[in-house]
Amino acid sequence: MAVLCHRGVEIEISFANASGVTAGETAIKYRDVDVGQVERIEFSPDLQEVLVYARVDKNIAPFLDADAKFWVVRPEVGLRGVSGLDTVLSGVYIEGDWNKEPEVAQTSFIGAETAPITLADQAGSEIVLRTNDGSALSAGAPILHQGIEVGVLGSPELQEDGLTVLVNAFINAPYDKLITTNTRFWDTAGFSVSLGAAGVSLNVGSLASLLEGGVAFDTVVSGGEPMKDLQVFDLFTDE
């Protein structure tokens, strides 16, 4: 049960791994502003999860509904550079994200292992890509249209059949309006070499897609219908 007082509201966040989170020190942040602090850390009764108890500002608490998300921010080195550099000075912290519409407030949450691909209230559309080979795809890889980055990939997930890989992806507005049910998506990872009259030609989609994989799309056949949210598209190996 929530405890309302001048110290704020107590919430519980469960994590599989709370490395770096320290009681009395680790902050809860929302858009780079401190809105709470971790008070204590315990194990779940079965020792499978780490339960982080924090107290957040009472003005923030009404917005912590079923859509609220929490994840631990640590310094990480990836193909796009180093993220979480601010934690080197401030220490590890827990980032929160929620929309601006208060609904039924909650006090118990399941923390995410990684940051979501988009933040609440970000304009755009989420889709799902389906493939039989996710080896060239990675979370955070770009989605390109006409060579311009217009979206981002989530983490590939192998399905129960052991063959199908699904990847959630987000297309930023207004580019999501370019996608119809006839839109085709293809893998742009790596490069290709061709030999012609002019000599050897090296084709690279982009530096980002060469390093971490990526996807491009285009609509070459008219007559498609507007896509629905979480519409599933097959991912082809090439254009």
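Q: What makes the residues listed for isoleucine 94 its contacts?
A: In this predicted model, isoleucine 94 touches Ile13, Phe15, Val21, Thr26, Ala27, Ile28, Lys29, Val38, Val52, Phe70, Trp71 and Val72, with residues up to four places away in sequence left out of the count. Contact means heavy atoms within 4.5 Å, so each residue named here has a heavy atom within that distance of isoleucine 94.

Q: Why is the set of 24 residues called a nonpolar core?
A: A nonpolar core joins buried residues of nonpolar kinds through side-chain atoms within 4.5 Å, and buried means under 20% relative accessible area. The largest such core has 24 residues, and Leu64, Phe70 and Ile94 have the most contacts inside it. At least two of its residues come from each of β1 (9-15), β2 (27-30), β3 (33-43), β4 (50-56) and β5 (69-73). Another core, of 18 residues, lies apart from it and includes Ile127, Val150, Val167 and Leu235.

Q: What makes β5 and β9 edge strands of the sheet?
A: The open sheet of 7 strands runs in the order β5-β8-β2-β3-β4-β1-β9, with mixed pairing. β5 and β9 (108-110) each have a single partner strand, so one side of each has no neighbour in the sheet.

Q: How do you know that β1 and β4 pair?
A: Pairing requires at least two bridges. β1 and β4 are joined over 7 bridges in the antiparallel sense, so they count as paired.

How values were computed: Residues numbered from 1 in each chain as written. Predicted model: local features only at pLDDT ≥ 70, side-chain atom pairs only at ≥ 80, totals over all residues. Heavy atoms only, no water. Buried < 20%, exposed > 50% of the residue type's maximum accessible area, 1.4 Å probe, protein only. Helix = DSSP H or I, 4+ residues; strand = E, 2+ residues; numbered from the N terminus.
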